[in-house]
Amino acid sequence: MISVVKRFGGIEVSCCGRHILVDPTRRFPSGNYDAVLITHGHSDHYTSHISKARRVIMSGETLRILREFRGVRLGANVTVAHPNRPIIFDHFSVVPLNAGHVMGSLMYLLEFRDGSVLVTGDMNVEDSVLLKGAEPYPDADVLVMESTYGDPSFQFEPRGEVYNEILDLVDRVRGKGLRLVLSGFALGKGQELYALLRNSGIDVSMDTNVDSLNRILLGVGNRNDGDVMVADLPPRVKLNGDSVVAMVTGGAPGGWLRSKVHIRLSNHSDFNGLVEFAINSRARRIYTVYGYSERLARHLRLEYGLSSYPIPDNTLI
Ligand SMILES: [Zn+2]
């Protein structure tokens, strides 16, 4: 019998006397878990307490992000995961799969004698200039999928069109003799925007956070004050009157960003991407987690007849 439960701010998967915790964000009893899996390096997907776990699994990129950028102390308890290379334990195995969300992001397929569970973490099905999109892994018994943008109001333009919009904006702002600051989350947008601009032959400067991450992940850095800057959200840089700030995110702008230019580009799948992923997974049971979990689960249930529910706090299936 497989059990999937939301616990310690993460997802607990249990089967056949084995217990696995994915992306815990709160303190947890480390001795209770055979393995702790981290899907990626965003701060809402881990706790520094993972340093106490018996065994922690994450990609090499995520390990470097947590150690060198976030300052988490991780030692010999870490196993580095590579996409499509199974990690075998007694009575279960972990198959890491590409999640397409940010550099180093992974989904995990957990295989037990009694069935299998695919946990997506955050994911994006669309290819980007830097990453291949996530592909549904068919026929897992249970799919635990993210639902950040699981509402039909979230429909994103194709990435290629958004890229052109960004490059046009660079031309327009430079044409006026102003500086453009492209502001998005440092892990994700920081690498994607850098790659997009560099591929177009544009010199890119970075704020402190993007500079630190890009040194770790891409082996490049440049904190000089160029006329096109990739910056965190909000930017870690002094903004002068000659700066145009464009916020680059999937979500709606708010707070200090209201008056700024907004370019809609997300590292998550939009609503249609999530629905397609769920259908193609052919999972027998689907649990949604994060964001619009109720909304997406109901849509999959009522429109497609899928057995789909928000992840419970305590359920046996
Ligand atoms: Zn994320």
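How many bridges join strand β1 to strand β2, and do these strands run parallel or antiparallel?

## The pairing of β1 and β2

In this predicted model, strand β1 (residues 3–7) and strand β2 (residues 10–15) run antiparallel and are joined by 5 bridges. Within this pairing, S3 stands opposite S14 in β2. The hairpin formed by β1 and β2 has 2 residues between the strands, and in this hairpin F8 takes a positive phi near 50 degrees.

## The packing of α1 and α4

Two packed helices are described by the angle between their axes and the distance between the axes. For helix α1 (residues 60–69) and helix α4 (residues 208–217), the angle is about 135 degrees and the axes are 10 Å apart. The crossing in which α1 passes α4 is right-handed.

On the α1 side, the residues that take part are E61, R64, I65, E68 and F69, and they meet S212, L213, I216 and L217 in α4.

The protein chain is divided into domain 1, which comprises 3–153 + 269–310, and domain 2, which comprises 159–264. Taken over C-alpha atoms, the centres of domain 1 and domain 2 are separated by 29 Å.

Where the domains meet, 14 residues of domain 1 are in contact with 14 residues of domain 2. On the side of domain 1 that touches domain 2, the residues divide into 7 nonpolar, 4 charged and 3 polar.

Conventions:
Residues are numbered from 1 along each chain as its sequence is written. This is a predicted model: local features need pLDDT of at least 70, side-chain atom pairs count only at pLDDT 80 or more; totals for chains, interfaces and linings use all residues. Domain bounds come from an automatic or database domain assignment. Two residues are in contact if their C-beta atoms, placed from the backbone, lie within 7 Å. Ala, Val, Leu, Ile, Met, Phe, Trp, Tyr, Cys and Pro count as nonpolar, Asp, Glu, Lys and Arg as charged, and the others, Gly among them, as polar. Axes are lines fitted to C-alpha atoms, for helices over the stretch in contact, and angles run from 0 to 180 degrees between N-to-C directions. Helices (H or I, at least four residues) and strands (E, at least two) are DSSP runs, numbered from the N terminus. A crossing is left-handed if the near helix is turned anticlockwise from the far one by less than a right angle, and right-handed if clockwise. Two strands pair if DSSP finds at least two bridges between them.
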